[in-house]
Amino acid sequence: MRVLGVDPGLTRCGVGVVDGVAGRPLTMLGVGVVRTPADDQIGARLVLIEQGIEAWIDEYQPELVAVERVFSQHNVRTVMGTAQASAVAMLCASRRGIPVALHTPSEVKAAVTGSGRADKAQVGAMVTRLLRLSAPPKPADAADALALAICHIWRAPAQNRLQQAVAAHHATKGRSA
C-alpha cells in the first residue's frame with residue numbers, strides 16, 4: 001500500500017510517501033514540506049498548498065491519503081489555518097477518487113512510538129528507525145507526515161476487519177428482522 005501522509009499547516013504543510021504493508025519493512029519514497037509565505041493572502045496560500053499536494057499526488061500516485069485530524073487548540077487562528085490546509089489535502093485526494101483517512105495526533109504517536117504522549121523528537125527518532133533513514137527528516141512537519149503514513153499502513157488491516165465485522169453484523173440483523 002502506498003500512502004501519502006499530510007501534516008497540514010498553512011506555513012509548512014508536511015508531506016511524506018511510504019510504501020509497504022503491516023508486518024513488513026516499510027520504504028520511504030519521498031518526504032518534504034509545501035511552504036507558503038506568511039504574508040500572502042489566505043487564498044493565495046491555499047492555492048500554493050493545493051498545487052504542492054497535487055504535484056506529490058502526480059509524482060507518487062498514492063492509493064490513500066492520510067491526513068492529521070484537526071482538533072481544537074487554544075489558538076483559534078492556528079487551528080483555522082490547519083483546518084483549511086487539511087481541507088485542501090482532502091479535496092485534492094477526493095477529486096481524484098483517492099480515499100482519505102484521518103488520524104488524531106495521539107493515535108499517530110501511539111502507533112509509531114507506543115505512547116500517545118510522545119514528543120516530536122521521539123516521533124522523529126522512531127520514523128528514522130522504522131524507515132531505516134540516516135537522520136530524522138527535517139523539519140518536524142515532514143517527519144510527522146511520514147508518521148501519519150506509517151500509522152495508516154499499520155492500522156488499516158485492523159480497521160478494515162472492524163468495518164467488515166460491523167457490516168456483517170448489520171447484514172445478519174437486517175435478515176432476522
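Which residue just after α3 takes a positive phi? Gly114 does, at about 95°. The model is predicted.

**Helices α1 and α2**
- Helix α1 spans residues 42–60 and helix α2 spans residues 76–95. Their axes come within 9 Å and cross at roughly 40°.
- α1 and α2 are therefore oblique to each other. Their crossing is right-handed.
- On the α1 side, the contact residues are Ile42, Leu46, Ile49, Glu50, Ile53, Glu54 and Ile57. They meet Gln84, Ala85, Val88, Ala89, Cys92, Ala93 and Arg95 in α2.
- The residues of this contact divide into 10 nonpolar, one polar and three charged.

**Helix α3**
- Helix α3 covers residues 105–113. Pro105, Glu107, Val108, Ala111 and Val112 are buried there.
- An α-helix has 3.6 residues a turn, so residues three or four places apart point the same way.

- Gln61 is not a glycine, yet its phi is positive, at about 50°.
- Gln61 is exposed, with a relative accessible area of 52%.

**Loop between α4 and α5**
- This loop, between α4 (120–130) and α5 (140–176), holds Pro139. The peptide bond from Lys138 to Pro139 is cis, with omega near -10°.
- Arg132 is also placed in the loop between α4 and α5. Its phi is positive, near 55°, in a residue other than glycine.
- Arg132 is exposed, with a relative accessible area of 52%.

Notes
Residues numbered from 1 in each chain as written. Predicted model: local features only at pLDDT ≥ 70, side-chain atom pairs only at ≥ 80, totals over all residues. Heavy atoms only, no water. Axes fitted to C-alpha atoms, helices over the stretch in contact; angles between N-to-C directions. Helix = DSSP H or I, 4+ residues; strand = E, 2+ residues; numbered from the N terminus. Parallel < 35°, antiparallel > 145°, perpendicular 65-115°, else oblique. Left-handed = near helix turned anticlockwise from the far one by under 90°. Contact = heavy atoms within 4.5 Å. Nonpolar A, V, L, I, M, F, W, Y, C, P; charged D, E, K, R; others polar. Buried < 20%, exposed > 50% of the residue type's maximum accessible area, 1.4 Å probe, protein only.
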